[in-house]
Amino acid sequence: MDARLHIEIDPRADLPPSEQLAQQVRFAVASAELRPGDRLPSVRVLAVEALVNPNTVGKAWRDLEREGVLESRPGDGVFVARGALKVCVAARDAVLRERVERLVSDAHSAGLSRGDVQTWVDAAWTRRSGWKRAGGL
Amino acid sequence: MSRNDEGPVVSVKGLGVRFGRQTVLDGLDLDVRRGSVTALVGRNGAGKSTLLRVLVGALVPQAGSARVLGLDPAREGPRVRARIGYVPDHIDVPSWMRGRDWLAFVGRFYATWSAAEERRWIDVLELDERTKVAEMSKGARTKLALVAALAHAPEMLLLDEPFSGLDVGVRHAITTAVLTSLRDEARTVLLVSHSIPDVERLADRVAILAGSRIERTGDIEVVGRAERGGVDLEMTLLALPATGGSR
């Protein structure tokens with residue numbers, strides 16, 4: 001089926017736009033929002049939706065093809081590849097683990113305790129779940 | 001479409017422009033790749049608008065050569081302008097004119113003007129063309145200028161500060177329209193802008209104008225970020241020497 005993909009690019013973020021795009025696709029595959037065999041929108045269509053230059057989308061697609069997340073079938077379009085789930089789960093977990101490492105490292109250098117951080121994580125987690133129940137993200 | 005499907009759409013060599021004793025551009029070289037969206041960035045007074053005015057044939061340089069779509073804008077201005085869409089930094093419109101009067105007036109100058117295209121871009125940009133231009137917001141005027149630049153299906157778009165002084169909603173509407181125009185047809189865009197976030201969305205190439213010439217060109221993600229963790233485009237611009245040129 002044709003994938004419905006909601007991409008948002010923040011040009012001010014640390015990652016360049018093409019990498020933000022690639023990462024959002026990886027996360028979408030990892031959460032099974034995109035499944036192997038799904039067809040992605042064309043580069044030019046997605047460029048208008050994500051408000052980025054078509055070559056930026058093209059670069060993200062090429063990177064994802066190299067990683068085995070996407071495969072292009074000439075004349076037919078670009079699809080989520082068969083082995084994509086495993087690749088994307090690993091990529092997503094690596095990104096999130098690194099953020100946790102950084103958080104713990106920052107907290108540690110600031111002299112906070114493990115308990116402080118755990119309290120904050122629990123509180124944030126509860127708020128998130130609350131949003132979910134209320135129909136948010 | 002074009003008679004020159006190969007090679008750069010804009011090719012400038014050794015360009016020199018002086019206003020009186022003031023040197024604005026000196027030995028400037030620039031090639032704009034066909035199908036690219038190239039952002040021309042630089043400090044205030046670096047000569048960006050001056051370069052655009054040379055390219056549309058509104059200003060004749062004292063030195064060097066410019067080719068736009070294979071034509072010399074200084075001698076073949078009308079033929080260049082027939083094939084490009086130009087959004088200047090401001091438009092002068094008689095006060096009695098409504099948006100649609102202005103479009104009807106401009107449309108008469110273009111053999112390839114299409115009423116259907118005009119309607120389509122008005123809709124894409126959500127412009128109320130019945131408003132008097134004098135009463136339009138800055139955003140609405142920019143949208144009007146963009147409709148006028150697109151309705152004759154130009155091979156190239158030249159945009160002079162299309163985002164300046166506009167809120168994010170209007171800036172995104174303009175970006176959407178330009179990207180939509182790229183979706184449907186091969187088209188080259190040369191854009192002057194100070195709005196780095198908008199440039200980083202819309203452009204794939206960047207040319208930095210400093211010291212009266214093009215100091216650097218390249219892919220925007222490379223020049224803009226010096227390969228991850230480096231300085232961003234804004235920092236690159238701030239680090240440029242200030243120039244004594246005028247606009």
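This is a predicted model: local features need pLDDT of at least 70, side-chain atom pairs count only at pLDDT 80 or more; totals for chains, interfaces and linings use all residues.

Reply:

Chain A has five helices and two strands, and along the sequence they follow the pattern α-α-α-β-β-α-α. Its C-alpha atoms fill a box of roughly 55 × 30 × 30 Å along the principal axes. Of the 137 residues in chain A, 27% are buried.

Chain B holds the helix pair in question. Its secondary structure consists of nine helices and nine strands. Chain B has 247 residues, and 47% of them count as buried. Among its contacts with a separation of 6 or more, 72% are between residues 24 or more positions apart.

Now the pair itself. Helix H4 of chain B covers residues 115-125, and helix H6 of chain B covers residues 168-184. The two pack with their axes 9 Å apart, at an angle of about 140°. Angles over 145 degrees would count as roughly antiparallel and those from 65 to 115 as roughly perpendicular, so H4(B) and H6(B) are oblique to each other. The crossing of H4(B) past H6(B) is right-handed.

Which residues meet there? On the side of H4(B) they are Trp121(B), Val124(B) and Leu125(B), and on the side of H6(B) they are Ala173(B), Thr176(B), Ala177(B) and Thr180(B). Sorted by class, this contact has five nonpolar residues, two polar ones and no charged ones.

Other parts of chain B belong to the largest nonpolar core, which has 100 residues. Leu146(B), Val147(B) and Leu191(B) touch the most other members of this core. Helix H5 of chain B, residues 138-150, gives the core its largest share, eight residues.

Last comes the place where the two chains touch. There, 16 residues of chain A are in contact with 16 residues of chain B. On the side of chain A, the elements that give two or more residues are helix H1 (17-30), helix H2 (43-50) and helix H3 (54-67). H2(A) supplies the largest share, four residues. By class, the residues on this side are ten nonpolar, four polar and two charged.

Terms used:
Residues are numbered from 1 along each chain as its sequence is written. Chains are lettered from A and ligands numbered from 1 in the order in which they are written. Axes are lines fitted to C-alpha atoms, for helices over the stretch in contact, and angles run from 0 to 180 degrees between N-to-C directions. Angles under 35 degrees count as roughly parallel, over 145 as roughly antiparallel, 65 to 115 as roughly perpendicular and the rest as oblique. A crossing is left-handed if the near helix is turned anticlockwise from the far one by less than a right angle, and right-handed if clockwise. Two residues are in contact if their C-beta atoms, placed from the backbone, lie within 7 Å. Ala, Val, Leu, Ile, Met, Phe, Trp, Tyr, Cys and Pro count as nonpolar, Asp, Glu, Lys and Arg as charged, and the others, Gly among them, as polar. A nonpolar core is a set of buried Ala, Val, Leu, Ile, Met, Phe, Trp, Tyr and Cys residues joined through C-beta atoms within 7 Å. A residue is buried if 20 or more other C-beta atoms lie within 10 Å of its own, exposed if 12 or fewer, and partly exposed in between; C-beta atoms are placed from the backbone.
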